[in-house]
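Please look through the structure shown here with the following explanation at hand.

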Amino acid sequence: MDRLWTDFINSDYHDWRGGDRSEDRLAKSEWQQRFLEKWSLKAPTPASIEEENLMRMIRNELLTLATELSHGALLTEENQNWLNSMMDKGRGYQKLRYVDQKLKVEWVSVGSQWAHVLAEVAADFATTLAEGEGARIRVCDNTDCRWIFYDDTRSRTQKYCDDKMCGNLMKVRRFRAKRKAEQNK
């Protein structure tokens, strides 16, 4: 399941097939616009250079924290204080509405600047941790991919961001390596 914070972190794209292609999508105004629309957020596009630098800094901090948590580390007081300082920049209110024919209380952001968007990203990450689900944060086992994802499987054993892409690729790589080892005997 895609989440606001995973979508934001994964804006640092790496070719999952093992090529040299990678790109920082934060700098692309098309990505910024799609990201804002997808998550019903508002901010001016394209973001300024200062805003892009702030986004990269926050992305890197969240990436580091998510990776540490995926390896079993606990949330430190320093990390908690950092997340709180990020969320302090957000302003909004709660609203009751129907979503998919069910009543839901949603947070509505009042601000329309990138600082408010980043506060929403931090809040979504903090919500994941507060719900006791930090142990479900994963880094794709495909070392070329580096995708961060949330393991929403019942068994909590998901290894790849996508079984059909990275999962199949790694299965083929294991098969070929095994076959090559057998031929070299």
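**A guided reading of the model**

Gln-101 is found in the loop between β3 (92–99) and β4 (102–109), where helices (H or I, at least four residues) and strands (E, at least two) are DSSP runs, numbered from the N terminus. This is a predicted model, in which local features need pLDDT of at least 70 and side-chain atom pairs count only at pLDDT 80 or more, while totals for chains, interfaces and linings use all residues. Residues are numbered from 1 along each chain as its sequence is written, and side-chain values use heavy atoms, with hydrogens and water left out.

Gln-101 is not a glycine, and yet its phi is positive, at about 65 degrees. With a relative accessible area of 78%, Gln-101 is exposed; here buried means under 20% relative accessible area, exposed means over 50%, and partly exposed lies in between, for a 1.4 Å probe and protein chains only. Ser-40, in the loop between α2 and α3, also has a positive phi, of about 55 degrees, although it is not a glycine, and Ser-40 is exposed at a relative accessible area of 65%. The loop between α2 and α3 is also the place of Pro-46, which is joined to Thr-45 by a cis peptide bond with an omega of about -5 degrees. As background, most residues other than glycine have a negative phi, and most peptide bonds are trans.

How do two of the helices, α3 and α5, pack, and at what angle? Helix α3 (residues 49–70) and helix α5 (residues 114–130) have axes 10 Å apart and pack at an angle of about 5 degrees, the axes being lines fitted to C-alpha atoms, for helices over the stretch in contact, with angles running from 0 to 180 degrees between N-to-C directions. That angle makes α3 roughly parallel to α5, since angles under 35 degrees count as roughly parallel, over 145 as roughly antiparallel, 65 to 115 as roughly perpendicular and the rest as oblique. On the side of α3 the contact (heavy atoms within 4.5 Å) is made by Glu-51, Leu-54, Met-55, Ile-58, Leu-62, Leu-65, Ala-66 and Leu-69, and on the side of α5 by Trp-114, Leu-118, Val-121, Phe-125 and Leu-129. These residues divide into 12 nonpolar, no polar and one charged, where Ala, Val, Leu, Ile, Met, Phe, Trp, Tyr, Cys and Pro count as nonpolar, Asp, Glu, Lys and Arg as charged, and the others, Gly among them, as polar.

In soluble globular proteins, nonpolar side chains tend to be buried together. Leaving aside residues up to four places away in sequence, Phe-8 touches Leu-26, Trp-31, Phe-35, Met-55, Ile-58, Arg-59, Leu-62, Leu-118 and Val-121.

The charged pairs come next. The whole structure holds eight salt bridges, each defined as a side-chain nitrogen of Lys or Arg within 4 Å of a carboxyl oxygen of Asp or Glu. In one of them the side chains of Lys-38 and Asp-2 meet at 2.5 Å, N to O. Lys-38 lies in helix α2 (residues 29–38) and Asp-2 in the segment before α1 (4–9), so this pair ties together parts that are 36 residues apart in sequence. Lys-38 is partly exposed at 47% relative accessibility, and Asp-2 is partly exposed at 40%.

Another salt bridge, at 2.8 Å from N to O, pairs Arg-59 with Asp-24, linking helix α3 to strand β2 (residues 22–24) across 35 residues. Arg-59 is buried at 4% relative accessibility, whereas Asp-24 is partly exposed at 23%.

Arg-138 and Asp-151 also meet in a salt bridge, at 3.1 Å from N to O. Arg-138 is in strand β5 (residues 137–139) and Asp-151 is in the loop between β6 (148–150) and α6 (163–183), 13 residues apart. Arg-138 is buried at 17% relative accessible area, and Asp-151 is buried at 0%. Elsewhere, salt bridges that share partners join Asp-24, Glu-52, Arg-56 and Arg-59 into one network.
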